Structures are given as structure tokens and as C-alpha cells.
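Reader: I'm new to this one. Could you walk me through it?

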Amino acid sequence: MDYVSALLPPAVMAALFAGVIRVIVKTQGGANKTKEDAAVDAALARAEGARPSSGAGA
């Protein structure tokens with residue numbers, strides 16, 4: 001019975017990890033994909049706009 005108690009925690013963690021991966025894959029895309037992509041694009045544009053230009057002081 002020692003082998004069962006030794007293998008149980010890794011088996012449970014593997015099952016939970018597979019569940020997390022499945023949820024991540026299932027939530028990609030869908031109806032909100034365009035809205036999420038627009039939010040990311042806006043955040044990147046703000047970050048690019050706030051970045052100081054390189055070579056301006058040299």
C-alpha cells in the first residue's frame with residue numbers, strides 16, 4: 001500500500017494540471033475574443049506611447 005500513497009499526490013496533481021490546461025484551451029477565442037484583443041492592443045499602444053524615444057538625447 002505504500003506505492004499507492006506514493007503515487008496518489010502526483011496523480012492528483014497531474015489530473016488538476018490537465019483540468020487547468022483544458023479550461024485555458026476552452027476559454028481561448030469565443031464571443032469575447034475581439035473585445036479582449038482590442039483591450040490588449042489598446043494597452044500595448046499606451047505602453048508604446050509612454051515609452052521615451054531612444055536616441056533623442058544622444
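Reader: At which residue does α1 bend by about 30°?

Author: This is a predicted model, where local features need pLDDT of at least 70, side-chain atom pairs count only at pLDDT 80 or more, and totals for chains, interfaces and linings use all residues. Residues are numbered from 1 along each chain as its sequence is written, and side-chain values use heavy atoms, with hydrogens and water left out. The bend is the angle between axes fitted to the seven residues ending at a residue and the seven starting there. In α1, a proline, P9, follows within four residues of the bend, which sits at L8.

Reader: Which residue forms a salt bridge with D37?

Author: A salt bridge is a side-chain nitrogen of Lys or Arg within 4 Å of a carboxyl oxygen of Asp or Glu, and a search of the whole structure finds one. The two partners are four residues apart in helix α2 (residues 33-50), so about one helical turn separates them. With the closest N and O atoms 3.1 Å apart, the partner of D37 is K33.

Reader: Is K33 buried, partly exposed or exposed?

Author: Buried means under 20% relative accessible area, exposed over 50%, and partly exposed in between (1.4 Å probe, protein chains only). D37, at 34%, is partly exposed. At 40% relative accessibility, K33 also counts as partly exposed.

Notes
Helices (H or I, at least four residues) and strands (E, at least two) are DSSP runs, numbered from the N terminus.
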